[in-house]
Amino acid sequence: MGRPAKPVSARARPRLRALAAYLRQLKDEAGVTYATLSERTGPTDTPGYRGTSTLSQAARGTHLPPLETVLAYARAAGDPGSRAEQQRVAMARSLWKAAAIERARPHLAGRGQRTRHIRTAASLGQALTRLRLRVGRPSYRSIERSTDASGHRVPRSTAHLILDGKVLPSREQLAALLKAFDVSAADSRTWHAVRDRIEDRLQPPAPPRRWGGYVCADADPAVQEFLEARARDEEIKRLTGQIRSDETYEDFEERMRERAYRRAEDERLYEDYDELGDCDEPEDEAEREAQEAGQTTFRPRLKATTERVTSTSRDAERS
């Protein structure tokens with residue numbers, strides 16, 4: 001009889017503890033050792049084989065094991081091919097996915113970019129990276145195996161380039177990656193539309209017609225980066241309340257330009273007043289002191305009057 005298993009660490013995340021506890025429960029219900037579980041995973045020279053140490057570490061709760069190890073553990077903890085096996089595998093997969101999302105949550109701070117704002121291969125790579133994090137950040141080797149099993153193999157190097165935003169995936173590569181990242185068929189159609197839109201923008205613009213017209217600049221990568229930055233800036237300003245609900249981004253920019261113009265006019269007015277005072281500087285000391293005292297009291301009154309007029313004009317514009 002082997003040594004009693006150590007309890008799951010209390011410092012482990014809650015969902016990871018739930019996964020480890022379920023795996024231990026399967027082993028206890030089966031009444032077998034880790035050596036027996038290892039033998040049930042298959043011959044040592046097959047891809048599905050899992051060693052004794054690998055299975056025991058999966059039930060410790062110290063780290064998130066690979067999904068393939070968890071599924072192999074669940075299949076080996078009972079009779080193969082039965083309905084009970086399907087239930088064990090489904091439960092293990094559900095608990096693993098919850099633990100994977102829990103682990104990836106610190107890396108998913110903030111809301112991801114909306115699909116309608118994705119216009120370049122770089123932004124698409126960032127969005128796909130978030131999908132990879134949501135399923136537990138599988139390794140590139142695991143991604144290669146998963147895509148190979150789905151019918152279209154995406155090599156590790158290619159997957160790395162796609163997620164880094166260096167290359168645009170083909171439709172087959174994108175479909176295989178989305179399936180590996182557990183994206184539903186309905187959501188996959190949205191991602192394919194995003195991919196097709198980027199491909200259309202990367203096409204060289206058509207030459208201008210002889211009888212007139214112009215070449216659209218939307219396909220220029222610099223224009224796409226500007227539009228993405230502008231969309232992010234608009235979303236931030238709306239969340240912070242800088243853009244009112246009844247105005248567009250263009251209205252906000254116009255309002256900022258008017259405010260800057262009024263501020264520049266006020267500063268120019270103060271500078272003109274100071275220059276006028278410098279030109280008429282008296283020679284007598286008493287007159288100079290009297291003029292300085294007059295400037296000290298007049299400038300605050302001038303500023304208050306200017307601000308009152310500006311505030312009145314703003315209220316009139318809003319009404």
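Start by selecting helix 9 (171–180) and colouring Gln-173, Leu-174, Ala-176, Leu-177 and Leu-178, which are buried. Buried here means under 20% relative accessible area with a 1.4 Å probe and protein chains only; exposed means over 50%, and partly exposed is in between. Helices are DSSP runs of H or I with at least four residues, strands are runs of E with at least two, and both are numbered from the N terminus.

This is a predicted model, in which local features need pLDDT of at least 70 and side-chain atom pairs count only at pLDDT 80 or more, while totals for chains, interfaces and linings use all residues. Residues are numbered from 1 along each chain as its sequence is written, and side-chain values use heavy atoms, leaving out hydrogens and water.

Now ask what covers the buried residues of helix 9. Show helix 6 (121–134), helix 7, helix 8 (156–163) and helix 10 (185–202), which are included in that cover. Just after helix 9, click Asp-182, which takes a positive phi of about 60 degrees.

**Next stop: the second largest pocket**

Select Leu-67, Glu-68, Trp-96, Ser-142 and Ser-146, the closest to the pocket's centre of the 23 residues that line it. The space there is about 580 Å³. A pocket is an open set of points on a 1 Å grid over the protein atoms alone, where a 1.4 Å probe fits, with protein on both sides within 12 Å along at least five of seven lines; lining residues have an atom within 4 Å of a point. The volume is the space filled by probe spheres set on the points, which are joined across faces, edges and corners. Helix 4 (67–76), helix 5 (83–104), helix 7 (140–150) and helix 9 each give two or more residues to the lining.

**The nonpolar cores**

Which residues touch the most other members of the largest nonpolar core? Pick Leu-19, Leu-23, Leu-37, Leu-64, Tyr-73 and Trp-96, out of 26 residues. Such a core is a set of buried Ala, Val, Leu, Ile, Met, Phe, Trp, Tyr and Cys residues joined through side-chain atoms within 4.5 Å. Helix 1 (14–30), helix 2 (34–40), helix 3 (52–58), helix 4 and helix 5 each supply two or more residues. A second, separate core has 20 residues, including Val-135, Ile-143, Ile-162 and Ile-198.

Zoom in on Leu-37: leaving out residues up to four places away in sequence, Leu-37 touches Lys-27, Val-32, Leu-55, Tyr-73, Ala-76 and Ala-77. Contact means heavy atoms within 4.5 Å.

**A loop residue**

Click Thr-120, in the loop between helix 5 and helix 6. Is Thr-120 buried or exposed? Its relative accessibility is 15%, so Thr-120 counts as buried. Beyond neighbours within four places in sequence, Thr-120 is in contact with Ile-198, Gln-224 and Glu-228.

**Last stop: the aromatic pairs**

The whole structure has 2 aromatic pairs. Rings of Phe, Tyr and Trp (its six-membered ring) pair if their centres lie within 6.5 Å; planes under 30 degrees apart count as stacked, over 60 as edge-to-face and the rest as tilted. Tyr-34 and Tyr-73 are edge-to-face, 6.4 Å centre to centre with 65 degrees between the planes. Tyr-34 sits in helix 2 and Tyr-73 in helix 4, 39 residues apart. Finish with Tyr-249 and Phe-252: their centres are 6.1 Å apart and their planes at 45 degrees, so the pair is tilted.
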